[in-house]
Amino acid sequence: MESKAATQKKTTFREVYVFDMEILQNIFIQNMREKAEDKMLFGMPFLLCEKDNEINSFASLVLDENNEIGFKIYDNGSLTNEDKAAFNEYIKKFLTKKRSANFNNAEQLKKSTEHFIHYLNL
C-alpha cells in the first residue's frame, strides 16, 4: 500500500531565468489556440511553477485595458486547482515585496515588454 506522501509531487515556485524562455514560450503558445496578434499578451514573465523539476506554468506581468499592471498565469494544463490556488497566493505575496519599475510603472512595463518580445522574436 502506497502512502499519500510517497505519491505527492513536489511543487515549487521560483523567479524566471533567461534559460527558461523556450519552455515558457511553448506554454504560452499552448494557451493561444489561435495565433496571438497582440504579442504583448506574453507580458513580462516573472515567476514560474515547477512540479517534480518540470515547469508547468508561469506568471507574467501584463497591462489591462485600463493600463493597470496585473498578472496572468499561463499553464500547460497539468496544474491542479490546489496548485493554481497556491501559485496565485504566492504571486500576490511576491508582488507586495517588489518595488522595481516593471512592477509599479505601467509605461516602464510596456517598454520592457516590447524590448523583451523583440528579443524573443515571438
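**Figure 1. Overview of the predicted model.** From the N terminus on, the elements of the protein run α-β-α-β-β-β-α-α-α. That comes to 5 helices and 4 strands, where helices (H or I, at least four residues) and strands (E, at least two) are DSSP runs numbered from the N terminus. Please keep in mind that this is a predicted model, in which local features need pLDDT of at least 70 and side-chain atom pairs count only at pLDDT 80 or more, while totals for chains, interfaces and linings use all residues. Residues are numbered from 1 along each chain as its sequence is written, and side-chain values use heavy atoms, with hydrogens and water left out. Of the 122 residues in the protein, 34% are buried; buried means under 20% relative accessible area, exposed over 50%, and partly exposed in between (1.4 Å probe, protein chains only). Among contacts (heavy atoms within 4.5 Å) between residues at least 6 apart in sequence, 59% join residues at least 24 apart.

Figure 2. Strands count as paired if DSSP finds at least two bridges between them; β3 and β4 pair in the antiparallel sense over 7 bridges. To find your way along this pair, look for serine 60, whose bridge partner in β4 is lysine 72.

Figure 3. In α2 (residues 21-31), the buried residues are Met21, Leu24, Gln25, Ile27 and Phe28. Seen down the axis of α2, these buried residues fall within an arc of 160 degrees, so they line one face of the helix; the arc is that of the directions from the helix axis to the C-beta atoms. As a reminder, an α-helix has 3.6 residues a turn, so residues three or four places apart point the same way. On the other side of α2, Glu22 and Ile29 are exposed. The cover over the buried residues of α2 includes β2, β3 (54-63), β4 (69-75) and α5 (106-120).

**Figure 4. A salt-bridge network around arginine 14.** The structure holds 3 salt bridges, each a side-chain nitrogen of Lys or Arg within 4 Å of a carboxyl oxygen of Asp or Glu. Arg14, Asp20 and Glu50 are linked in a network of them. The side chain of arginine 14 meets that of aspartate 20 at 2.8 Å, N to O, and that of glutamate 50 at 3.5 Å, N to O. The pair of arginine 14 in strand β1 (residues 11-15) and glutamate 50 in strand β2 (residues 44-51) links distant parts of the chain, 36 residues apart. Arginine 14 and glutamate 50 are both buried, and aspartate 20 is buried too, with a relative accessible area of 2%.

Figure 5. Lysine 51 forms a salt bridge with aspartate 83, the closest N and O atoms being 2.6 Å apart. Lysine 51 belongs to strand β2 and aspartate 83 to helix α3 (residues 81-97), so this pair, 32 residues apart, links distant parts of the chain. Aspartate 83 counts as buried, at 7% relative accessibility.

**Figure 6. Serine 57 and its surroundings.** Serine 57 lies in strand β3 and is buried, with a relative accessible area of 0%. Leaving aside residues up to four places away in sequence, serine 57 touches Ile27, Leu48, Cys49, Ile73, Tyr74, Asp75, Leu79 and Phe87. The side chain of serine 57 also makes a polar contact with the side chain of asparagine 56 (3.2 Å). Polar contacts are pairs of N or O atoms within 3.5 Å; within protein, one must be able to donate a hydrogen and the other to accept it, and residues adjacent in sequence count only if both atoms are side-chain atoms.

**Figure 7. Two asparagines with positive phi.** Asparagine 53, in the loop between β2 and β3, has a phi near 65 degrees, a positive value in a residue other than glycine. Asparagine 53 is exposed, with a relative accessible area of 74%. In the loop between β3 and β4 you will find asparagine 67, with a positive phi of about 65 degrees although it is not a glycine. Asparagine 67 counts as partly exposed, at 38% relative accessibility.
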